[in-house]
Amino acid sequence: MKTNKALFSTLTIIVISGFLIFGIAGDKKDKVLREGTALYFPTEVDFAGEKAPLQITDVRERLDRELLINANLDATTALIIKRANRAFPIIEPILAKYGVPDDFKYLAVIESGLVNAVSPAGARGVWQFMPDTAKEKGMEVNDVVDERYHLEKSTEAACRYLLAAKQKFGSWTLAAASYNGGMAGITKKIEEQKVSNYYDLALTEETSRYVFRILALKEIMKQPAKYGFNIFESDLYAPIPTKRVAVDSTITDLTGFAMSQGINYKILKIHNPWLRDKKLVNPNKKRYEIEIPLAGY
């Protein structure tokens, strides 16, 4: 008799537990079960305070695609998270200085993976500027100095572009889309389709995915554990302290200059990738600031 009572109590507990588990409503239950995996999907997302309309079927599915792809790019996404710990402290205050929303740092992420990438079309640097656009935005680009590789100066140039795009479109989301599709390209689509919301526009494949890729990386990088990335603080790439040496004359031998600063040419190039030659020709006595690391080597 006691055995039967014990069995009945056990069954009752199992049934009640089942009701508790399966009684969790729809999406909430899914999140409990999927948290910590690449299948996790957020309740809502926004870019620069502008919410993505996830109630629209294609919008939800396009975000799902980018989340799944990037959450499953284990090595690539993990490296980006590690690099961000070093790059974001440089990018964030510049965005704030110009009044550009902090979310635009994730635009830099999808442009380059936070490295000085080179595209087949000739775009370069973390912000992937083409030569003519870089010059228009005030950067020096030649065989000796290419400021597209200068993170601070290229971030400032990106801010100038984004502020102009925001003024034109009235939306940070469209400003971000125009970084890929061009202001003229986005304007043409708006005029043709008679809508002015990014999520309502039919765009080229690349531009159509562009903002969703930003949203996906933002979600994953802000809460990596929810997507299965168990990265500890000790895994992150630490910022390297540096000093700045002002130069307003020609340096005929950058190897010798590096050695005079207690480092080698390789380290000089790592911290100053905008120096594109083995010398710095400066007939106009322009003032440059060269970063010299104080630790890490």
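Predicted model: local features only at pLDDT ≥ 70, side-chain atom pairs only at ≥ 80, totals over all residues.

User: Which residues in H5 are buried?

Analyst: Residues are numbered from 1 along each chain as its sequence is written, and side-chain values use heavy atoms, with hydrogens and water left out. Helices (H or I, at least four residues) and strands (E, at least two) are DSSP runs numbered from the N terminus, and buried means under 20% relative accessible area, exposed over 50%, partly exposed in between (1.4 Å probe, protein chains only). Helix H5 spans residues 105-112, and its buried residues are Lys105, Tyr106, Leu107, Ala108, Val109, Ile110, Glu111 and Ser112.

User: What covers the buried residues of H5?

Analyst: Contact means heavy atoms within 4.5 Å. By that criterion, the cover includes helix H4 (74-98), H8 and helix H10 (205-222).

User: Is Tyr179 buried or exposed?

Analyst: Tyr179 sits in helix H8, residues 172-181. Leaving aside neighbours within four places in sequence, its contacts include Leu107, Glu111 and Trp127. Because its relative accessibility is 14%, Tyr179 counts as buried.

User: What is the relative accessible area of Asn272?

Analyst: Asn272 lies in the loop between helix H12 (265-271) and strand E4 (288-293). Not counting residues up to four places away in sequence, Asn272 touches Glu289, Ile290 and Glu291. Asn272 is buried, and its relative accessible area is 0%.
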